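Biologist: Can you walk me through this one? I would like to start with the pocket.

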Amino acid sequence: DGRGGLIRIDLKYGPDGSSGIQNIDRVSKAGRRVYAGVEELPRPQQGLGIVIVTTSQGVMSDRACRTARLGGEVVAQVC
């Protein structure tokens with residue numbers, strides 16, 4: 001919407017109604033910031049999960065970071 005501060009999340013469920021998200025971990029915290037270059041970005045569940053990274057270009061997924069060849073602060077990991 002151009003105003004910022006809004007994140008839309010669409011949840012996925014399995015055929016039996018089970019949750020598609022098994023685990024959400026906050027990686028960087030106030031007392032411990034975790035930075036990773038493009039080569040060191042984690043691949044949760046061999047690419048089936050997503051890592052949220054804040055970069056100089058804005059907040060991106062790990063896949064977008066690899067495409068843009070950017071590293072940054074690893075905020076969270078969703079599996």
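Modeller: Strand 3 (50-55), strand 4 (58-61), helix 1 (62-68) and strand 5 (72-78) each give at least two residues to the lining of the largest pocket. Helices (H or I, at least four residues) and strands (E, at least two) are DSSP runs, numbered from the N terminus. The model is predicted: local features need pLDDT of at least 70, side-chain atom pairs count only at pLDDT 80 or more, and totals for chains, interfaces and linings use all residues. Residues are numbered from 1 along each chain as its sequence is written, and side-chain values use heavy atoms, leaving out hydrogens and water.

Biologist: Which residues lie nearest the centre of the largest pocket?

Modeller: Ile-9, Asp-10, Ile-21, Ile-50 and Val-78, out of 22 lining residues. A pocket here is an open set of points on a 1 Å grid over the protein atoms alone, where a 1.4 Å probe fits, with protein on both sides within 12 Å along at least five of seven lines; lining residues have an atom within 4 Å of a point.

Biologist: Switching to helix 1, is Asp-62 buried or exposed?

Modeller: Asp-62, in helix 1, is buried at 3% relative accessibility. Buried means under 20% relative accessible area, exposed over 50%, partly exposed in between (1.4 Å probe, protein chains only).

Biologist: And how many disulfides?

Modeller: The count is 0, where a disulfide is a pair of cysteine sulfur atoms within 2.5 Å.

Biologist: Why is Cys-65 too far for a bond?

Modeller: Because its closest cysteine sulfur, in Cys-79, is 16 Å away. Cys-65 is buried at 0% relative accessible area, and Cys-79 is buried at 18%.
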